[in-house]
Amino acid sequence: MECSRQIHLIGYPMDLGAGRKGVDLGPAALRIAGIQNKLEILGYSVTDLGDICIYPRQDLTIFDPRLKYVEEIARAAQILADQVETSLSRGYFPLCLGGDHGVAIGSIAGVSAFCKKNGRTPGVIWIDAHADMNTEYTTPSGNIHGMALAIALGFGDQRLTHLNGYAPKITPGNSALVGIRKLDTLEKETLKRWRLPVYTMTDIDRKGVDFIIRKILKSLRTHVDHIHVSFDVDSVDPQVAPGVGTPVPGGLTYREIHLLMETIAECGCMSSMDVAEVNPILDMGNTSAELASDIVASSMGMRIL
Ligand SMILES: [Mn+2]
């Protein structure tokens, strides 16, 4: 388990999984915030592969209101999965710039394909205000970004769960959710039924972020040899990061998210990452993308001293 010194930036300007437009501008906002330079300062060699092409919603039709734009989301996710797998097999660290959190459908599929071919076991740390554990049967909105983790775990429509022809991409025991504070009623049932390791904001209030992330890393490292971090910027409190797809009060503070990421960096065990749901339309200036790129830098080794 190691963190490569070479990074591929992969832009995924997808907003079809979200209820409103704006997160398609996330990759551009992160680039303008200087994410490449912030990683180069840390000593990484960074190559920006540009954006994956996604059809705009005005050219598309919703055929199933429970799975909005599923055809285009599945097509783009497969392309992302192939790119992530290629980057990993060439020794690069893929950093996927969302886009809505559906970016994880493709990135985790790519991580899983790489691990399968190389005899590794993938694990995921899902940092989010939401669990993204809906399926077409439980979703109140039909927005696929709220299904991304369920899809990686093999629950949902086959066009999404079976990228590369198989499911699941990860197992519940090799996953951990942190920062959770907004769940749909049926989603709560699913989380309990599948016994997912969920660390809510209440857990963080009680035990502290340091204790919880150490516990997660310690547990994952005993049975996983590729850790993928899927970072939804809405995990951070909206007072700190207002420019996100779905703001929810009561989130991680500025220092809590940095400490969480600094601890992941110290572990040296993260091999791939998503940063999702930056919405510059709702932002003040570009502060949320700047914050998000600093948080990514913390996860890659940026330290105060
Ligand atoms: Mn999310």
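How are H9 and H10 oriented to each other, roughly parallel or roughly perpendicular? Before the answer, a word on the model itself. It is a predicted one, in which local features need pLDDT of at least 70, side-chain atom pairs count only at pLDDT 80 or more, and totals for chains, interfaces and linings use all residues. Residues are numbered from 1 along each chain as its sequence is written. Helices (H or I, at least four residues) and strands (E, at least two) are DSSP runs, numbered from the N terminus.

Now to that pair of helices. Two packed helices are described by the angle between their axes and the distance between the axes. Axes here are lines fitted to C-alpha atoms, for helices over the stretch in contact, and angles run from 0 to 180 degrees between N-to-C directions. For helix H9 (residues 209–223) and helix H10 (residues 254–267), the axes come within 9 Å and cross at roughly 30°. H9 and H10 are therefore roughly parallel to each other; the cut-offs are under 35 degrees for roughly parallel, over 145 for roughly antiparallel, 65 to 115 for roughly perpendicular, and oblique for the rest. The crossing of H9 with H10 is right-handed, a label used when the near helix is turned clockwise from the far one by less than a right angle, with left-handed for anticlockwise. Residues count as in contact if their C-beta atoms, placed from the backbone, lie within 7 Å. On the H9 side, the contact includes Val 209, Ile 213 and Leu 217, and on the H10 side it includes Leu 259, Leu 260 and Ile 264. Sorted by class, this contact has 7 nonpolar, 1 polar and 3 charged residues (Ala, Val, Leu, Ile, Met, Phe, Trp, Tyr, Cys and Pro are nonpolar; Asp, Glu, Lys and Arg are charged; the others, Gly among them, are polar).

The contact of H3 with H4 is made up of 12 nonpolar, 6 polar and 2 charged residues.

Then there is the sheet. It is an open one of 8 strands in the order E2-E1-E3-E8-E7-E4-E5-E6, with parallel pairing; two strands pair if DSSP finds at least two bridges between them. At the edges sit strand E2 (45–51) and strand E6 (198–200), each pairing on one side only. On average, neighbouring strands are turned by 15° against each other, direction ignored. E3 (residues 93–98) is joined to E8 (residues 270–276) by 3 bridges, with Leu 95 partnered by Met 273.

What about strand E7 (residues 226–232)? Its neighbours are E4, paired with E7 over 6 bridges, and E8, also joined to E7 by 6 bridges. Val 124 has His 228 in E7 as its bridge partner, while Asp 232 is partnered by Ala 276 in E8. 7 of the 7 residues of E7 are buried, so this strand is largely enclosed by the rest of the structure. Buried means 20 or more other C-beta atoms within 10 Å of a residue's own, exposed means 12 or fewer, and partly exposed is in between, with C-beta atoms placed from the backbone. Both faces of E7 are covered, with His 226, His 228, Ser 230 and Asp 232 on one side and Ile 227, Val 229 and Phe 231 on the other.

Pro 140, in the loop between strand E4 (122–127) and helix H5 (148–152), is exposed, with 11 other C-beta atoms within 10 Å.

Technical notes:
Two residues are in contact if their C-beta atoms, placed from the backbone, lie within 7 Å.
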